[in-house]
Amino acid sequence: MDIVLKSHFDQFKTQFELANLPECDAFELFAIYCVVSQYVKNETITKDLLLDLNIGNGGDWGIDGFVILVNGKIVKTKEAFNDLYEANPQLSIDFVIVQAKTSESFSSALLGQTLDGAENFLRYVSGVTNLPSCNNEIADYRDLMREIYTKSADFKDKLNPNMTVYYIACGDYKSQSDFTSKIDATNNFVKETILINKFVANVVGKKELVSMYKDTKSQLTKDIKVEHKLTMPDVDKITESYLCLVPFSEFKKLIIDEQGDIIESVFYDNVRAFQGLNSVNNAMAQSLMDGDIQLFTAMNNGITIIAKDLKPTGTNIHLVDYQIVNGCQTCNVLHKYQHVSNIDDLKLIVKIISSQDKDISKKIIVGNNSQTEVKREQLISLLDSQRYIEEYYNAQNKYEKLYYERRSKQYRNSGANIPIGKVITISFQILAYISMIMGKPEKVRGYYGSIVEQFEKEGQKVFSPDTNPALYYTCALASHKMSDLFFKNIIDRKFKKVKYHLLYAFRLMCEKQSLPILANRATTDVYCDHLCSILCDEERCISGFQAALALIKQALQGQDPKDSDSTNKEFTKRLNSLIHQTIQRKKELQNG
């Protein structure tokens, strides 16, 4: 491997704690991370997520990584897809396929195998059944893909999904006719299916891969020219703020990339995804098509941008790590009609604010979106309890150091050299807490925001200021340790399908006493200390998970786990029964 590529690859392995993983396996994860990071800019790609996306394990159709993005969010289950569809039935879909090899040579045969795999997915959606055998992960993703096409009437702008294939190796790739002919053949096949809007196959060499990895570290920066700006009054913890009149010719630099596509990542903190051409958005669109450029400006409420840093120089403003927290609907309509005559002359009222204070950002986001009901996970990270959990993680010095990510990618470019493998995201925390502490592992299959919302409807709070934060840390630590056991193949990866049941069984098999009332700080501290001491002792940790796994195998009644087992109430019931029988036998032996 080239010395420069190896340097970045080694850094990745250190950051994700993969030093003991075989090089070929670690490189697959490295390649998947580099590719996925091109699509998901404002969400931390965790170690656990990489494991889920890595499907190269025999019967993989020549595919090491498969990613489905729905409205910019990674989706792995039908339940999560349907939750997102319910939240916003305007679907923008991307299918991303990765094949990665540590070889410095490129094989047209390997590329052909991966392209055949891409074609097989589309054949399956088309109803073809006589396909090559595949592993369980491929089978689950092809079923999810078919589920997505049942909602094709709601694809955004009536555009079918995009499909992109990445074949990655460690050498220098130079265009070859046999590679080109294979790609052209698949492209022709894809066109005939009428299932894909845009198909692209990329052959990636060492230089391109290094560039992709560097991109994962970079900040989003843009420069725009603003002829008219008004300095806003001083506010504590706001570095600078301006009210500007910005022509679309400049503003579009902030929301449209070089390919003419909208930059979805800049709307991550905007609480409302694009709602399609509803009555309000349709009225905006109509004013553009009618040429009423000035009227559009008069009718529009304006756009609010928060940046971590602003550098005004004359009429130029340099923005660093900016987010559009209000104006998502306006921006999407403008993108859709960016080629309307004279649109570059359109003037937009834009409020640009610079602040690195999370609480100030929170108030601005909520204030700018108070006109609409905020649902799901969109403001979970703004809850007061989140700060308390983060503070507990920061203060934890008895057991393994983990880092709670209250705000997306808050540790990127922090200068603290924090291992990404130890970062706990809100979604990771939610799923661990519900399955292990709340004892509902069968409830964590959907999109995490919808899961929280459902529990709220049932009167149960996932995040409560009255809950001892030690419980959040403990279940995250357990889930983190469990992921390591999967990575090291100490636990067979086929049991990932029921990993949340495994987490739940671990708690019940290892606890010394029953889970106390969550608000009782003293007793829950003792309870958590006992579990954490087991988790931080490698031998006892492995023993605890193996005991839990033995019960999982019994509950599966000798069958390999299936995707449906994770939500199967009967499976959960059998597991509960086996756990309680085992605990009862232990008590009887102890009482002797």
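In the predicted model, strand β8 is joined to strand β11 (residues 347-354) by eight bridges, and the two strands run antiparallel. Within this pairing, valine 246 has leucine 348 of β11 as its bridge partner. Strand β8 (residues 240-247) is also joined to strand β7 (residues 228-231), here by four bridges and again in an antiparallel arrangement.

Strand β4 (residues 162-168) runs parallel to β5, and seven bridges connect the two. Tyrosine 166 is found opposite asparagine 202 of β5. The loop between α6 and β4 contains lysine 158, whose phi is near 60°, a positive value in a residue other than glycine. Lysine 158 has a relative accessible area of 65% and is therefore exposed, the cut-off being over 50%.

A second residue with positive phi is glutamate 17, which is not a glycine and has a phi near 55°. Glutamate 17 lies in the loop between α1 (3-15) and α2 (23-39). The relative accessible area of glutamate 17 is 31%, so the residue counts as partly exposed.

The packing of two helices is described by the angle between their axes and the distance between the axes. For helix α17 (residues 469-487) and helix α20 (residues 538-555), the axes come within 11 Å and cross at roughly 85°. The two helices, α17 and α20, are therefore roughly perpendicular to each other, since angles of 65 to 115 degrees are assigned to that class. On the side of α17 the contact is made by Ala478, Lys481, Met482 and Leu485, and on the side of α20 by Cys541, Ile542 and Phe545. Six of the residues in the contact of α17 with α20 are nonpolar and one is charged, while none is polar.

Aromatic pairs in the structure number 23. Such a pair of rings is described by the distance of the centres and the angle of the planes. In the pair of phenylalanine 12 and phenylalanine 16, the ring centres are 4.7 Å apart and the planes stand at 40°, so the pair is tilted. Phenylalanine 12 and phenylalanine 16 are both buried. The two residues also belong to one aromatic cluster, formed by Phe9, Phe12, Phe16, Phe27, Phe30, Tyr33 and Tyr213.

Tyrosine 393 and tyrosine 404 are likewise both buried. Their ring centres are 5.2 Å apart and their planes are at 25°, so this pair is stacked. Because tyrosine 393 lies in helix α14 (residues 384-395) and tyrosine 404 in strand β12 (residues 403-405), the pair ties together parts that are 11 residues apart in sequence.

How values were computed. Residues are numbered from 1 along each chain as its sequence is written. This is a predicted model: local features need pLDDT of at least 70, side-chain atom pairs count only at pLDDT 80 or more; totals for chains, interfaces and linings use all residues. Side-chain values use heavy atoms; hydrogens and water are left out. Two strands pair if DSSP finds at least two bridges between them. Axes are lines fitted to C-alpha atoms, for helices over the stretch in contact, and angles run from 0 to 180 degrees between N-to-C directions. Angles under 35 degrees count as roughly parallel, over 145 as roughly antiparallel, 65 to 115 as roughly perpendicular and the rest as oblique. Contact means heavy atoms within 4.5 Å. Ala, Val, Leu, Ile, Met, Phe, Trp, Tyr, Cys and Pro count as nonpolar, Asp, Glu, Lys and Arg as charged, and the others, Gly among them, as polar. Rings of Phe, Tyr and Trp (its six-membered ring) pair if their centres lie within 6.5 Å; planes under 30 degrees apart count as stacked, over 60 as edge-to-face and the rest as tilted. Buried means under 20% relative accessible area, exposed over 50%, partly exposed in between (1.4 Å probe, protein chains only).
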